[in-house]
Amino acid sequence: MKKSMAFVIFLFFASSISVFAFGIGLQFDGNISSEFDPGLALTFKFESVPLLFSANWMFTSPRSEIGLTGDVWFVNPEITSFSAGSLNFFIGAGFFTRIIFGNDEDFGFNAGLRIPVGVNLYLLDRFVEIFAQVAPSFGLKLLPSLDFDTPFFPVSAGARLWF
């Protein structure tokens, strides 16, 4: 009985995979509001719902940051299409969290809201997505003490493969 129930659950999950297409890729990050802080992120996006997540790592000397972002795209209209794909515009809203590591004075935990705006290019029958965005961000410093975070403007460019 347990084996047949597990098989039915497996079949249900396997048949729903095509309904939930997803893209996974890498993006390069930076911050244009102060010194340019380079970084790298793993990005994950669902097609059936306009959700996008990324896990970020910014590496600068003498400190580094790890973070998480989550966005919802409100609009993603096509600007133009051509034989190899289509170019789209997007705007949305989301959140960010980041932990800053460095010396004792540089440790912190920040969180807040962001407004991603950018373009994405689909190629090869929507198998490859190339994108670039800026996401004005506003938040709070939660550690080491509660305070407003200085607004910043992260930029990202990268690519996702769709499955």
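Okay, let's start with a pair of strands: β6, residues 85-101, and β8 run antiparallel to each other, joined over seven bridges. When I say strand, I mean a DSSP run of E with at least two residues, numbered from the N terminus, and two strands pair if DSSP finds at least two bridges between them. Before going on: this is a predicted model, where local features need pLDDT of at least 70, side-chain atom pairs count only at pLDDT 80 or more, and totals for chains, interfaces and linings use all residues. Residues are numbered from 1 along each chain as its sequence is written, and side-chain values use heavy atoms, with hydrogens and water left out.

Back to β8. Leu 121 in that strand has Leu 87 opposite it. On the β9 side, seven bridges again, and β8 and β9, residues 128-134, run antiparallel. Val 117 has Val 134 in β9 as its bridge partner.

So which side chains of β8 are buried? Gly 118, Asn 120 and Tyr 122, which point to one face. For the cut-offs, buried is under 20% relative accessible area, exposed is over 50%, and partly exposed is in between, using a 1.4 Å probe and protein chains only.

Now the turn. The hairpin of β8 and β9 has four residues between the strands, and Leu 124 there takes a positive phi near 55°. Asp 125 sits in that loop between β8 and β9, and has a positive phi of about 55° although it is not a glycine. Arg 126 is in the loop between β8 and β9 too, with a positive phi of about 65°, and it isn't a glycine either. How do these two count for accessibility? Asp 125 is exposed because its relative accessibility is 75%, while Arg 126, at 40%, counts as partly exposed.

The peptide bond into Pro 144 from Leu 143 is cis, with omega near 5°.

Last stop, Phe 148, in strand β11, residues 147-148. Is Phe 148 buried or exposed? Exposed, because its relative accessibility is 65%. Leaving aside residues up to four places away in sequence, Phe 148 touches Gly 139, Leu 140 and Lys 141, where a contact means heavy atoms within 4.5 Å. And its C-alpha is 10.0 Å from that of Ala 111, a residue 37 places away along the chain.
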